[in-house]
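Here's a quick tour of a protein chain for anyone just getting started with structures. Take a look at the sequence and the 3D view, then read on.

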Amino acid sequence: MQIPHDTRRALDVVVALVNTAAETDQPDGLGDVSALRGFVHEFAISDVGELGARDLAGVRAVRGKFAQLFASPNPRAAAALINELVATAGTTPQLTDHDGYDWHVHYFAPGASVGDHLAADGGMALAFIVVSGEQERLRRCEAPDCRRAFVDLSRNRSRRYCDSRTCGNRLHVAAYRARRKEAESEHEEVVHGGQQQQGADHP
């Protein structure tokens, strides 16, 4: 699947934002304004001014909408969420080549809050996925103890885990150990069963 660089980058930010949500064994990755500053810095989100509690609340609200998109049952439901996101953000497409990047499109309006910034750019990136008929690529990790979001960009849409090197390998190892344990158990049953049979034949 061919995705423009700026769209791919926006999708990366969407996924990272969704995965900051608190889970059973994970605290909220945006627990305070300092954490939000760290997120903005890590993903080099441009045109962001001084951040405060209102910004934190706004970004958390956008995060919730993005999370709903990963659970949308069909394109129509996803489209309704995306339309709400981009309309609320006051989307204003503009070409830019800031910070040495080649020409690309920003969808957030000048002076937009960081929440509206994320909603506009992330919403349009998600719109690209839906319009392309690729909504099923918006997935959650299938590992039983992991529900992290990811975008499946594999050629045959076969990716099942957020990270094959962690969740994928961990499950493969667990499955291998389970098969080995089952084989050993069956072997012991055969051996013990044979011993019992011998005992019955020779009192």
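In what order do the elements of the chain run from the N terminus on? The answer is α-α-α-α-β-β-α-β-β-α. Keep in mind that you're looking at a predicted model.

**The chain overall**
- If you tally up the elements, you get six helices and four strands.
- The chain has 203 residues, and 36% of them count as buried.
- Its accessible surface comes to about 12,400 Å², and carbon and sulfur atoms account for 51% of that.
- Now take the contacts between residues at least 6 apart in sequence: 51% of these join residues at least 24 apart.

**Where helix 1 meets helix 5**
- Helix 1 covers residues 5-18 and helix 5 covers residues 114-131, and the two pack with their axes 9 Å apart.
- The angle between them is about 110°, which makes helix 1 roughly perpendicular to helix 5, because angles of 65 to 115 degrees count that way.
- As for handedness, helix 1 passes helix 5 in a left-handed crossing.

**Who touches whom**
- On the helix 1 side, the residues in this contact are Thr 7, Ala 10, Leu 11, Val 13, Val 14 and Leu 17.
- Across from them, helix 5 brings in Leu 118, Asp 121, Gly 122, Ala 125, Leu 126, Phe 128 and Ile 129.
- Sort the residues of this contact by class and you find 10 nonpolar, two polar and one charged.

Definitions and conventions:
Residues numbered from 1 in each chain as written. Predicted model: local features only at pLDDT ≥ 70, side-chain atom pairs only at ≥ 80, totals over all residues. Heavy atoms only, no water. Buried < 20%, exposed > 50% of the residue type's maximum accessible area, 1.4 Å probe, protein only. Contact = heavy atoms within 4.5 Å. Areas by Shrake-Rupley, 256 points an atom, 1.4 Å probe, with all protein chains shown as cover. Axes fitted to C-alpha atoms, helices over the stretch in contact; angles between N-to-C directions. Parallel < 35°, antiparallel > 145°, perpendicular 65-115°, else oblique. Left-handed = near helix turned anticlockwise from the far one by under 90°. Nonpolar A, V, L, I, M, F, W, Y, C, P; charged D, E, K, R; others polar.
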